[in-house]
Amino acid sequence: MESKFTEAYPKAPDETRQADCEKVSGMLDLMIDGEASSEEQTFFNHHIEECVSCFENHQKQKLLKGLVTGHLKRVIVPKSLVQSIKARIQETL
Amino acid sequence: MSDQTGKQLSKEEKDARFEAELLPVLDPLYNFAYRLTLDEDDANDLVQETYLKAYRFFDYFEQGTNAKAWLFRILKNSFINEFRKKSKQPAKVDYSEVEGYYNTDDVEGESGVASTTDMRTESVQDLIGDEVASALNALPVDFRTVIILCDLEGFTYEEMAKILDIPIGTVRSRLHRARNSLKEKLEKYAKSMGYNS
């Protein structure tokens with residue numbers, strides 16, 4: 001694993017790599033929420049191709065969002081609610 | 001048609017626009033109310049009150065602007081005011097006061113559920129939904145709110161900032177903390193479902 005990093009960033013010392021990981025970790029939400037700029041996306045995607053642990057963190061964060069988006073059940077609006085709203089509006093005029 | 005300024009709508013016009021532009025938001029609005037109050041009757045009242053206010057201020061609402069965000073904002077503010085009146089609910093305080101307490105996992109009392117239940121696909125789906133719901137409901141209301149707005153309703157950070165009346169930076173940091181909190185609560189469960197790291 002070490003050698004791979006060295007190939008990808010021949011001149012990057014450990015601190016730089018670590019700083020990149022930190023930056024990427026701070027961008028996870030932006031990425032999964034579609035709020036990252038195209039520059040940020042490029043940086044992010046490039047980094048996770050080279051860094052397994054950041055790649056995994058990204059997967060986990062997507063999974064977490066997916067649990068809410070895809071599995072949280074919506075509650076059903078009571079049928080009477082629209083009528084109640086209209087009635088209350090007419091009442092208070 | 002460009003009478004944007006001194007618009008004096010007739011009652012029929014107003015009612016028609018109100019119905020066409022604001023009532024379609026009823027479903028997400030009710031869901032939001034329910035996730036905030038965790039009570040059907042309270043959600044019902046909150047939504048009615050929100051629409052009542054929206055109707056009263058409808059003249060200030062510009063056609064074509066973000067009706068959903070506007071209604072969510074009204075509802076959120078009503079919730080805060082209502083909740084301040086109901087002093088019987090001391091649990092719902094600002095997250096900064098309680099977040100330290102949420103590192104413990106004492107909320108996950110039903111850890112045996114997944115392993116003992118029949119694993120037909122539908123019930124597994126239900127089970128995941130239930131687990132997500134109970135984890136979410138156990139979060140402080142400010143955390144729950146940002147997750148609902150972002151992940152369930154798909155609002156942008158900018159819209160969330162307007163709904164909640166906070167800077168975008170605060171939206172980001174609150175969302176980040178909220179997700180960490182939710183992650184902790186779901187981690188144990190996720191592992192039992194094979195999503196381990």
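This is a predicted model: local features need pLDDT of at least 70, side-chain atom pairs count only at pLDDT 80 or more; totals for chains, interfaces and linings use all residues.
Between chain A and chain B, 18 residue pairs are in polar contact, both residues of each pair being at pLDDT 80 or more. On the chain A side, helix 3 (28-32), helix 5 (52-71) and helix 6 (81-91) each supply at least two of the residues that touch chain B. Helix 5 of chain A gives the largest share of that side, with 9 residues. Sorted by class, the side of chain A that touches chain B has 16 nonpolar, 7 polar and 9 charged residues.

In terms of contacts, 32 residues of chain A meet 44 residues of chain B. About 3600 Å² is buried between the two chains, and carbon and sulfur atoms give 65% of this area. Within chain A, the residues that lose the most area to chain B are Leu72(A), Arg74(A) and Val75(A), which together make up 18% of what that side buries.

Charged pairs come next. Over all chains the structure contains 14 salt bridges, and 7 are found across the interface of chain A and chain B. One of these joins Lys73(A) to Asp130(B), with the closest N and O atoms 2.9 Å apart. In another, Asp151(B) pairs with Lys65(A), the closest N and O atoms again lying 2.9 Å apart. This pair crosses between the chains, from helix 8 (residues 141-152) of chain B to helix 5 of chain A. Asp151(B) has a relative accessibility of 5% and therefore counts as buried; Lys65(A), at 16%, is buried too.

Arg179(B) lies in helix 10 of chain B and Asp151(B) in helix 8, 28 residues apart, and both residues are buried. Through shared partners, salt bridges join Asp29(A), Asp33(A), Lys65(A), Asp151(B) and Arg179(B) into one network.

A further salt bridge in chain B links Arg73(B) and Asp165(B), with 3.2 Å between the closest N and O atoms. Arg73(B) belongs to helix 4 of chain B, whereas Asp165(B) sits in the loop between helix 9 (157-164) and helix 10 (168-192), so the pair ties together parts that are 92 residues apart in sequence. Here Arg73(B) is partly exposed, at 29% relative accessible area, and Asp165(B) is exposed, at 56%.

Turning to the fold of chain B, the secondary structure consists of 10 helices and 0 strands. Of its 197 residues, 45% count as buried. Among contacts in chain B with a separation of 6 or more, 71% are between residues 24 or more positions apart.

The structure holds 8 aromatic pairs over all chains. In one of them, the ring centres of Phe18(B) and Tyr55(B) are 5.1 Å apart and the planes stand at 85 degrees, so the pair is edge-to-face. Phe18(B) is in helix 1 (residues 11-21) of chain B and Tyr55(B) in helix 3 (residues 40-56), 37 residues apart. Both count as buried, Phe18(B) at 4% relative accessibility and Tyr55(B) at 5%.

Phe18(B) makes another edge-to-face pair, with Phe58(B), at 5.8 Å centre to centre and 85 degrees between the planes. Phe58(B) lies in the loop between helix 3 and helix 4 (67-85) of chain B, so this pair connects parts 40 residues apart in sequence. Phe58(B) is buried, as is Phe18(B). Ring pairs gather Phe18(B), Tyr51(B), Tyr55(B), Phe58(B), Phe61(B) and Trp70(B) into a cluster.

Technical notes. Residues are numbered from 1 along each chain as its sequence is written. Chains are lettered from A and ligands numbered from 1 in the order in which they are written. Side-chain values use heavy atoms; hydrogens and water are left out. Contact means heavy atoms within 4.5 Å. Buried area is the accessible area (1.4 Å probe) that two parts lose on being put together, summed over both. A salt bridge is a side-chain nitrogen of Lys or Arg within 4 Å of a carboxyl oxygen of Asp or Glu. A polar contact is a pair of N or O atoms within 3.5 Å; within protein, one must be able to donate a hydrogen and the other to accept it, and residues adjacent in sequence count only if both atoms are side-chain atoms. Helices (H or I, at least four residues) and strands (E, at least two) are DSSP runs, numbered from the N terminus. Ala, Val, Leu, Ile, Met, Phe, Trp, Tyr, Cys and Pro count as nonpolar, Asp, Glu, Lys and Arg as charged, and the others, Gly among them, as polar. Rings of Phe, Tyr and Trp (its six-membered ring) pair if their centres lie within 6.5 Å; planes under 30 degrees apart count as stacked, over 60 as edge-to-face and the rest as tilted. Buried means under 20% relative accessible area, exposed over 50%, partly exposed in between (1.4 Å probe, protein chains only).
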